[in-house]
Amino acid sequence: GIGLTSVLTHLREEEDQTIIQSLNDPSVINLIKNITKNYHQLDLVDNQIFVQGNYARYPLQDLSTGAREQILLALRLGIASQVSGGEPLFFILDDAFQHSDWQRRVSLVETTVELAKHGWQVIYLSMDEHIRDLYLKLAKPALKNEFHYFDLNN
């Protein structure tokens with residue numbers, strides 16, 4: 001039992017180090033900076049993620065829903081990119097920007113458009129007319145024939 005506990009503890013420590021390295025990889029940090037405009041570092045302490053802002057450090061769970069979703073989006077994108085070796089993948093978002101403020105929504109849509117320009121397949125499902133209109137305004141001209149819009153109401 002003692003030996004097993006020791007091995008499991010060692011594996012957990014190695015896994016935590018891998019997670020910390022992924023959290024602070026430049027690709028993840030740059031995405032967080034670009035998407036949030038306010039946060040620039042992540043730390044893992046006792047299985048809790050902390051976010052470093054311009055003036056203070058906050059537990060991820062204490063941030064607003066919109067800020068938390070933006071950081072989690074950046075984490076997903078950054079880690080997916082690391083796992084794929086930088087190769088583009090697909091990304092399915094279901095009203096992922098719904099809780100973000102209206103100015104931040106523009107930045108988030110622009111981020112997904114940039115991903116699509118770099119070969120990522122982005123599928124965004126939404127019932128939010130504002131987000132739909134942002135995609136029509138920003139993504140359609142930027143992606144031209146690569147942009148497809150489906151209205152399921154008709």
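**Helix pair and surroundings**

Modeller: In this predicted model, the axes of helix α3 (residues 65–83) and helix α4 (residues 102–117) come within 12 Å and cross at roughly 10°. Axes here are lines fitted to C-alpha atoms, for helices over the stretch in contact, with angles from 0 to 180 degrees between N-to-C directions. Helices (H or I, at least four residues) and strands (E, at least two) are DSSP runs numbered from the N terminus.

Colleague: Which orientation does that make α3 relative to α4?

Modeller: In general, two packed helices are described by the angle between their axes and the distance between the axes. Here α3 is roughly parallel to α4 (under 35 degrees is roughly parallel, over 145 roughly antiparallel, 65 to 115 roughly perpendicular, the rest oblique).

Colleague: Which residues of α3 and α4 make the contact?

Modeller: From α3 you get Gln-70, Leu-73 and Leu-77, and from α4 Arg-104, Leu-108, Thr-111 and Leu-115; contact means heavy atoms within 4.5 Å. An α-helix has 3.6 residues a turn, so residues three or four places apart point the same way.

Colleague: Is Thr-111 buried or exposed?

Modeller: Thr-111 counts as buried, because its relative accessibility is 14% (buried is under 20% relative accessible area, exposed over 50%, partly exposed in between, with a 1.4 Å probe and protein chains only). Setting aside neighbours within four places in sequence, Thr-111 is in contact with Leu-31, Ile-35 and Leu-77.

Colleague: And α5, where does that helix bend?

Modeller: α5 bends by about 30° at Leu-136, the bend being the angle between axes fitted to the seven residues ending there and the seven starting there. The buried residues of α5 pack against α4 and β5 (121–125); among them are Ile-131, Leu-134 and Tyr-135.

Colleague: What does Ile-123 touch?

Modeller: Ile-123 sits in strand β5 and touches Phe-91, Ile-92 and Leu-93, not counting residues up to four places away in sequence.

Colleague: Which loop holds Asp-95?

Modeller: Asp-95 is in the loop between β4 (90–94) and α4. Its phi is near 45°, a positive value in a residue other than glycine. At 12% relative accessibility, Asp-95 is buried.

Note on methods:
Residues are numbered from 1 along each chain as its sequence is written. This is a predicted model: local features need pLDDT of at least 70, side-chain atom pairs count only at pLDDT 80 or more; totals for chains, interfaces and linings use all residues. Side-chain values use heavy atoms; hydrogens and water are left out.
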